[in-house]
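Hi everyone, thanks for making time this morning. I'd like to walk you through one model, so please bring it up on your screens.

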Amino acid sequence: MKSYGTGEIRNIVILGHSGCGKTTVTESCLFFSGTVKRFGKTSEGNTVSDYDPEEIKRGVSIQTSVIPVEWNHTKINFIDTPGYFDFAGEVKSSMAAADAALIVVSGKAGPEVGTEKAWDYCEEAGLPRMIFVNQMDDENANFNRTLGQMRKKFGKAIAPFQIPLRDDDGKFIGFINVIEKYARTLAKGDSPSGYVLVDSEVPPMMEGEVESLRAMLIEAAAESDDELLEKFFNEEELTDEEIYRGLNAGIKDGSVAPVLCGAVTLCYGTKVLMDTIVRYVPSAAVCKPVVECVDVKTEETIERKCDVNEPFSAFVFKTIADPYIGRLNIFRVMSGKLTKDMTIYNVQKDTVEKISKLYVIRGKEQIEVDSINAGDIGALAKLSNTSTNDTLATKENPVILPQIKFPASVHSMAISPKTKGDEDKISAALTKLKEEDPTIKTEVNQETKQSLVYGTGEQHLDILLSKLKNKYKIEAELSEPIIPYREMIKGKAEVRGKYKKQSGGHGQYGDVLMVFEPSGDLTKPYVFEESVFGGSVPKQYFPAVEKGIQECVQAGVLAGYPVVGLKATLTDGSYHPVDSSEMAFKMATSVAFKEGIPQAKPTILEPIAHVEVLAPEKYMGDIMGDFNKRRGRILKMDPMGKNMNIVAEVPLASMYKYCTDLRSMTQSRGEYTCEFERYEEAPMEVQQAVIEKRKKELEK
Ligand SMILES: Nc1nc2c(ncn2[C@@H]2O[C@H](COP(=O)(O)OP(=O)(O)O)[C@@H](O)[C@H]2O)c(=O)[nH]1
Ligand SMILES: [Mg+2]
């Protein structure tokens, strides 16, 4: 592939609800531009973009892929993203590499939750955006309805560049260009899709509609430029050139979102889409002219220009660590130029990385190149220490580029191999999968000994299992994480513990009088004190008594959970000059513990989580009602942007699979975080259930 200059590159992230046709957009552009000879289908698993075995199996995208298409002396790097919300991490990383977004909307379904999220992401990141209303060939598609809904949701920015033409039977037959007021209809001809567009007149009955949409467009165009706005208000006619100038400026700053339409499975609208991207979407050099980064030598924030003459810096936005493909880091050059003979420096990891081969990638295909210019996307194989979020630069000019903030991994499950002994294999494979996907987290709970995996949702972890099986040949299963309950006492007890053995020869003798009471500090298992008077227990045995307590608090008397907040005081006792030993005193303490704790009102504590939910206000009633059912307490509720932020405390045990429930309550609009806060006494019925469960486990 030829090397493209910074001004000839467009990095376009494709966003939208699952199933609107994002991946098919990339496939149709590849096909129409003659890059591929066969038009793949996502449902058949043969598209360039959805190449991963999991994507082929499911017929949906689950990871980001880069699809460069060469069109009109320009390289459009499409970055195709998954629509499922569990893969929001992939979307976030794709956005880090993009200059502009193409939001695909189904003309049949209209704007959906995924469309709203896409729009919000663009607003947040300040990305220029355009919209493609797809699936217009479907008999239930309705452009005007979709346009109206988008105007209502997204406001004045929505600027229709095209409207679809239909014949008397409602069949999609072409487009009307709203700015220049001409129509084009599809006719059989020599093009990859088998159709060409031929100019025709705007049907008289549509003239009114075209005029009103054009007025909408001109208003949007005028908004971006004071001079134009004045002309607009003075009701002076804007020239086409002025309209284009205004639209260009508006698209660049995000105040205008051009809307196109088509049916990409038939390549209707594909050419106009690519033409519009080349013509209207500014190049990498214009969209992200500078990037703020931290100069590692001076620790100052500096700017790097998206220009080949600047020092080299590149941001790694995706890592593939695949047993078949190998290790690949995909990056965007933010400044300067990368050539294959350079020595590069991973700034965060403080290591020099050797380049073996330099590629641009198209789906899974790796195309070797000699250099990659500022603004372009490339890939490097076999870098040993580099992963997503790292900055590559040179040792002479080290900088750190802005990092991706990944969504919280709130869904946790215990993971174990189906075959005993595969534990090490699982953890090695998980390490690889974590490199590819920073939203997967793992942890071994020291107390329950369970291996835990964290992801963004149930589907995310299902795919993780599937990858373990298909790519790493390990069968694993997920189970509910064990809740780490605690035990404590609420009362006070004074007990004597005696340990005495006379089995001929050397005997054993230990005798302690202990007081057990709450220490008030639930963060510590116990505090140990002694108030022995007159040497009834010699000093040398105090550590043995403490050792006894230390061992006993590991398993409480009610259900075997660790004890916290215990104060144990050794007040008295007796000893034998020959038979007493450290062992005997430790045993005596244990006897006192087993007898004393049940008398001191033992109780079970449960972990309480601090939960924050962000969701639109209309769902507040459901969310609060649901928290009540989970024994949660709402602490506060505040508006935050378009949403409400609810802060609550909820027992951890009832947060199991909350992500699934919150999604279904809020049509996937709600998000949350959940963190351990503290321990609290569990209600009686919970305690009974916990004790019962423990009993059964012991019987097994
Ligand atoms: N009728 C029709 N179907 C389409 C069109 N574009 C995509 N599809 C179908 O919609 C489904 C989802 O497409 P896909 O590209 O995987 O959507 P994504 O989830 O947004 O990537 C597939 O079955 C496509 O064949 C279109 O223009 N017209
Ligand atoms: Mg897709």
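What we have is a predicted model, where local features need pLDDT of at least 70, side-chain atom pairs count only at pLDDT 80 or more, and totals for chains, interfaces and linings use all residues. Residues are numbered from 1 along each chain as its sequence is written, while chains are lettered from A and ligands numbered from 1 in the order in which they are written.

First, the overall picture. The protein chain has 700 residues, and 45% of them count as buried. Its C-alpha atoms fill a box of roughly 115 × 60 × 50 Å along the principal axes. There are 17 helices and 37 strands; these are DSSP runs numbered from the N terminus, H or I over at least four residues for helices and E over at least two for strands. By an automatic or database assignment, the chain splits into domain 1 (6-174 + 255-283), domain 2 (290-400), domain 3 (411-479), domain 4 (486-600) and domain 5 (604-699). Between the C-alpha centres of domain 1 and domain 5 there are 37 Å.

Now to the ligand. Which residues are closest to ligand 1? They are Gly-21, Lys-22, Thr-23, Thr-24 and Thr-42, out of 21 that surround ligand 1, where near means a C-beta atom, placed from the backbone, within 6 Å. Helix α1 (residues 22-32) supplies the largest share of that shell, three residues.

On to the inside. A nonpolar core here is a set of buried Ala, Val, Leu, Ile, Met, Phe, Trp, Tyr and Cys residues joined through C-beta atoms within 7 Å. The largest has 133 residues, and Ile-12 and Ala-101 touch the most other members. Helix α6 (residues 207-223) contributes the most to this core, seven residues. Apart from it lies another core of 58 residues, including Tyr-541 and Leu-566.

Finally, two loop residues. Most residues other than glycine have a negative phi. Arg-631, though, has a positive phi near 65°, and sits in the loop between α15 (620-629) and β35 (633-640). Is Arg-631 buried or partly exposed? Partly exposed, because 16 other C-beta atoms lie within 10 Å. Ser-668 has a positive phi of about 70°, in the loop between α16 (658-666) and β37 (671-681). With 19 C-beta neighbours inside 10 Å, Ser-668 is partly exposed.

Notes:
Buried ≥ 20, exposed ≤ 12 C-beta atoms within 10 Å, placed from the backbone.
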